[in-house]
Every structure is written in C-alpha cells, then in structure tokens.
Amino acid sequence: MTVRRGVLKGFDSATYTATVQVAGSLAVWLSSVPVARNIAQAELVAGRSCAVVFLEDGNPKDAVVAAVWT
Amino acid sequence: MRALTPTLLEAQKQPSAQPYVRVTVSDRIVALTRLRWERLYTGGETDRYHAAAMPGDGSLLRARVEPSTSTIAYQRVANPGAGSAFGSWSTLDSVANAGLALAASGANALLAFVPLNGVQVRIRESSDYGASFGTVQIVAGAGAFIGSVAAVLKPDGTAFLIYAAGSTVFVLKRTGGTWGSAVAWPYSASQITGLACWHSGDYLLAIAGVDGSGAARLWAAVYGDGATQAVDTWSVLRDVAQADAGSNVTFRAPSLAVLDTYRLFFVESYSGSVAYDRPQWTWFAPSQSFAANAWREPVPFDLNTAYGLALTGADALGPAWLSMPSGVWRAPLTTAELDLSDDVLELSSELRRDGGRARVVLRNDHGRYTGLSTGAGAVIRAGAELEFGAGYVTSAGPEAPAAAPRFVIGGWEHRSGDGEATVTLFARDAWSLVERWRARRQFAWAAGTDNLFQILRFVFGRAGIDLINTGSSALASALRPAFTIHPGQDGRRVVAALLSLTADVVLVSALGASYYEPVAGATTYRYGGDHAITRARFASAGRAVNRAQVFGPSVVAESFAWDDIGDQFDRLRQAHDLNVTTVALAQDRAAALLRREELSPELGELVSPVNCGQELYDIVAVTDEGAGLSDASFRVVGIDLRFGRRGRPTYEQRLLLGSV
C-alpha cells in the first residue's frame, strides 16, 4: 500500500471518481480513481491537492482519493 | 542452452583444455548502434518547415520554407560531409507556411509542398538524384488548409502521400504511373501537427496532433502495403506519447526512418513555465514489428526548435543524417569494436535471475588504456557494450559461442602498484537498464486492454530492450489487468510486480530478453559424466509456501501442495487482486503463486569446468555418487564464471541450482 500526492484535475459525481495528476507526471493524469464517499462533493474542486491511497500500487482501480486540501 | 559447435562441445569435456576468452567492447546498446551525432553545419537560416531525403547516390537533399519570400529553398549536396556547402540554397516555387516533404528512391526524388493557396498538394519530381526537378503537378486539393504532408517513393515508382487538410488525414497513392483519389483516414482528431512516413514492408506512419478530448497525442500507425497490414487499410493508432488536455504539452514535427532499426524524432513543446520546444528521439529493435510499438523512452536532443529535425539516410550501413534549416548532423550506423582479449588478466561474471554483473581486469603496463577519451580505447565509455565469450582452444582453433553475454559498462578504475598497472571494467547486464528506467509520467492500462506480455514489452522497450515472447503461460495471455506505472517508479519494481502475477520469467540474453513459462522439460546438459564436477553441494528444504489463496472482487480460489502440507502443515500466502474476476483466473493465479514459490529457492551449487553454452533457466542433469544423485534434474538459477591468468590460472564456473 502506498500513498501518493496529487492534484485534483476533475471529478465525476455520477461515479464518484476523480482525475488526478499524480506528483511527477507533468502531462498525463490518472482517470477514474475512486473518491472516498466521506469527502463532500463540494470539496472536490479542480486544482486542489489530494492524497491517493493505492491499496495495490499497480492497480489504479484499487485506490482511493482519501484527502483533499487547498 | 546456447548452441555449441561439436569441437567446442568436445573440448569443454576434456580433463585438460586450454581456455579461450574473447572480450570486446563496442558502442552499442543492447546490440543496437548508439548514434553519436556530429554537427556539421550551423547556419543562420530561419527555423521553419523543412524536409530531407537521400537518394541512391548518397547525396543529401534538403528543402525548407523561406518565410521572408514564401518560397521553397532547396539544396542538393552531392557528397555530404564536413565542410560541405550546406548554406547554399536555390529557390523553387512559392509555398504556404506549411509542411513540405522530400522522398527519394534510387535516382528518383519527389518534392511535395503546399502552394500559397494552402489547399493543394503539389509535387515536382526528379530522375537525376535531385539535381533537377520537372514541372509542377497538382495531385490533391482540399477544402481546408493543408498543414502537413509527408511522402514515400518506392523503387517500383509507387508514390505515397499523406497529408492533413484541417484535422483530417488523407492518403494518396500513385501506382502504375496513375494517381488515385485521396482517401480520408477512419479516425478523427481536432488538430494535426505533423506527419511522417517511411516504407518498410508497409507504410509506417507517425502522426502528431490533438484528439477529440483535447489531449495531445503522437501516434504510430501502419498503412497496409501487404507485409503485416492488408493493402490500403489502416492499423489502429498506437500511442508513442500523450499529454492530457490542459497540461500545456503538445507534440509536433515527427520524422521517421527505418535505417538500421526504427528511429523516430519529434518535438515535445511545453508552454508553461519554463517553456520549451525540445526534440526527442526514440527507437526500438528491428526484430519487433512496427506494430509492437515498443519505443524506448524518448531521449531529449540538445536543441530548441519548434519545427523538429528531419531524419534520413540511404540504408542500414549509414550514416544517418539529421537536418533542420540551420543545421546538419551526421551519425555513423556502424560502430568500431575493440578486442580486449589479449589484455585480459582476470574476468568474472555473476548472472542471476534478476540481474548480472561482470568485472574485467586488463593489463595496462603498455599504457594502452591510460587515456580512454582518445585513440582505440575511446570506445570504452560509460554505457558502451561489453561482450565476452567463454570458450576453449579446440581442434578447430580458438572458439567461443557466437551469442555471448553482453553487459553495459558502468565505470572503470585504473590501479598501479607492485610493478603492475591495470584497468578494471565494471559492467552490468541489461537488467540494469530496466532498473535505471524511471517513469516520466503516469502510464495506465484499462482492464481488458493489454496482456501481461504486452505491458512487459512496453516496459522493457522503454528501457531499450527487445522483449520477445518465446512461450508464455496461458495465464499471462489471459490476464489483461488494470495496471498503472507511477511517475518516478523504476522499471525493476514494475517488472517485479508484473512477474509476480504468474510463474513466467524473463531471461536477458545477448540480443534482448525473452519471456516464457519455465515448464519442466528435457535436460539440456549432463554434469558428472563426461563433464566433470569439481565440487558440489545439494540441499533439500521444505516449501516456504505450500498453500495459496487468491481473492478477487467476488471470487476466492486456493491451491495446495498436499505432500508438503503433510510434512509441515500449511504455510499460507495470500494475494488480493481486483483484476481476478473469474474462477478460472483465480485458480490459475493461485497455482502460479505456488509454482513461483517452488521455483524461487536455491537448492545447491555445482563447480565445474566451464560449459560455454550454459544459460539461466536451463535444466541440467547431475550425477554425483558422493551425494547419491543419478541424473537428478535441476534448473540453473545462477551462473558464476571466473577466469584468471595471474598467479594460479583459473577457469571455472559455478552453477546455482534450483527446482525444475
């Protein structure tokens, strides 16, 4: 399990998933990352910093955006 | 096991044989020539659209858009080299501020360009190696501005044009002297920022642009000419580089050539802070099809240009040429090879399943290797390829296997003292290239897209290593996982994660790497009979893991080694994997997990005279009365080799043995 820093680039409220720019990736974002349901939709603003927990480091579906901050 | 000649096979079994060690260094990277670009010309021409081609007489044809007059500036340099008149241009037709193309084959050359009206493709052709051109022909018209064009000429006179009108790509062919109709591609984009093509069996394409989502893309594609792709059909578009919308990164000005291998230049532009327009270059091995798309991680080129570099050359013998309006570069496609064999005092190597290293001590009392930046020794530099073949002097003369292990030189040290001067070279095998590759960005595969081999081939390709599938397991073909590589991750960690999903292995060898399932099979060699054992050690141990559980989202499967459970009770290993979505996958994963654990321990070692053909993962039979073994099978999981001329001469190998 690893935790990676990122920047929120987009949020899909229907699937409650986010597009995240993981730190170090200048031009390519990781899409469809599940977001913790305890984070309110209003807080998921593009440009905010976020922390992504990768339960299995190699599987982007086995991950969750666990924190968002400005 | 590497193939050996009968004489070498016979010699290595003799109780007394004369060693022969061949050690060479060359400026190659995993068997491909490292291009050392030498700039031959620096001028003051304005950077704008340009093209280059090389007809059969080796002359260099260059064309560029001269923005001050909106004309084509053209030059032909008959014998290009240092001091050639690369600054001398003649003026041809009026031209739009758009891409133009040059193609050549034998004595024929073709110049394709967009006139001032911006909505036509015009060509002029030459039959005297580009010395003169015929009249202008209009071969295509469009309802939108034509921004990019690329061209190919084949020896049979077939001409192939690809151009972008607005955001639509068209192809147009002339066969039998007659131009056909332009046909639009079956894809869509919001912008095309550059095109390149080369003929090698099929029409190989590089297309830079922006897709419908606003993401910048550099695609590779094949337009069929009957080799690997049906005539006049498009392959899928495969990403060479990509950048999401809003990232401020775009790609443009690709240039593609197949000389010694597939080589591609393109420009990556960043409009953020600090902005750049930086050429990048990449390649992959010719043993792969172009569709494999196994490009090395692009390497930045020391230049800032928005219009890129045009790559061309006559053939695989080279040299390769790079051109931009104000510059010309040349790089040999062949490399000098330095034979160090006579100066080798000591050689040792260690090959393991996940990496190998070599150390070569050279005499330097003659001072030959004192100044390694000049002279014959200049080929010894960090990154150069060290190749050694361990052999014997046989009845046919000195012999060593042709496919010898190759290593990458990492450094060296000079030593002096006790009346001796030496140079020691330190090198590691191609696994070190995997280890040193760091992901520059996020890479992601959606579930159901690429299988394990295809993802591994991508990773090895990024490290510049040609990975071939020589017999992977059914599980490796069936698993198409959701997978991601994070920025900053190294290739070794990624490969380890992928290999852990099956029992399949990667064997790094002379020309690249192979991926396969190490199934129990026939022995490839026998020790203890004709081939003497100097000393040996054989161990037995219970399994570290004898029960595996695999958990998918809605499935659990187990695999057991019952005999061992009877002895040690169960020793459990669990795996949680959201990619395991079926019972069959879960069962196969559990079985593979146990199999991988079974293969992992080292069970002994065997020291013997050198078997010149021995490779990792070979299955060998061992007969050793003292240990009570008769034709017992082991898998070779490590190979050490020692050769020494100083003091007591040494020439022996040590095999690490594992389970079959």
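Residues are numbered from 1 along each chain as its sequence is written, and chains are lettered from A and ligands numbered from 1 in the order in which they are written. In this predicted model, local features need pLDDT of at least 70, side-chain atom pairs count only at pLDDT 80 or more, totals for chains, interfaces and linings use all residues, and side-chain values use heavy atoms, with hydrogens and water left out.

The predictor gives the complex an ipTM of 0.94 and a pTM of 0.94. The average pLDDT (the predictor's confidence in each residue, from 0 to 100) of chain B is 96, and 100% of its residues score at least 70.

A nonpolar core is a set of buried Ala, Val, Leu, Ile, Met, Phe, Trp, Tyr and Cys residues joined through side-chain atoms within 4.5 Å. Buried means under 20% relative accessible area, exposed over 50% and partly exposed in between, with a 1.4 Å probe and protein chains only. The largest nonpolar core has 95 residues, of which B:W37 and B:F460 touch the most other members. Helix α3 of chain B (residues 452–462) gives this core its largest share, seven residues. Another core, of 50 residues, lies apart from it and includes B:A11 and B:V344.

Helices (H or I, at least four residues) and strands (E, at least two) are DSSP runs, numbered from the N terminus. In helix α5 of chain B (residues 491–499), the buried residues include B:G491, B:V494, B:V495, B:L498 and B:L499. They lie on the same side of α5(B), because they cover an arc of only 130° around the axis; the arc is that of the directions from the helix axis to the C-beta atoms. Among the elements that cover them are α2 (431–436), α3 and α7 (583–599) of chain B, where contact means heavy atoms within 4.5 Å.

Rings of Phe, Tyr and Trp (its six-membered ring) pair if their centres lie within 6.5 Å; planes under 30 degrees apart count as stacked, over 60 as edge-to-face and the rest as tilted. By this rule there are 40 aromatic pairs over all chains. Two tilted pairs are tabulated here.

| Pair | Centre to centre | Angle between planes |
|---|---|---|
| B:Y270 and B:Y276 | 5.7 Å | 35° |
| B:W437 and B:F443 | 6.0 Å | 45° |

B:Y270 is buried at 15% relative accessibility, and B:Y276 is buried at 13%. B:W437 is buried at 4%, and B:F443 at 3%.
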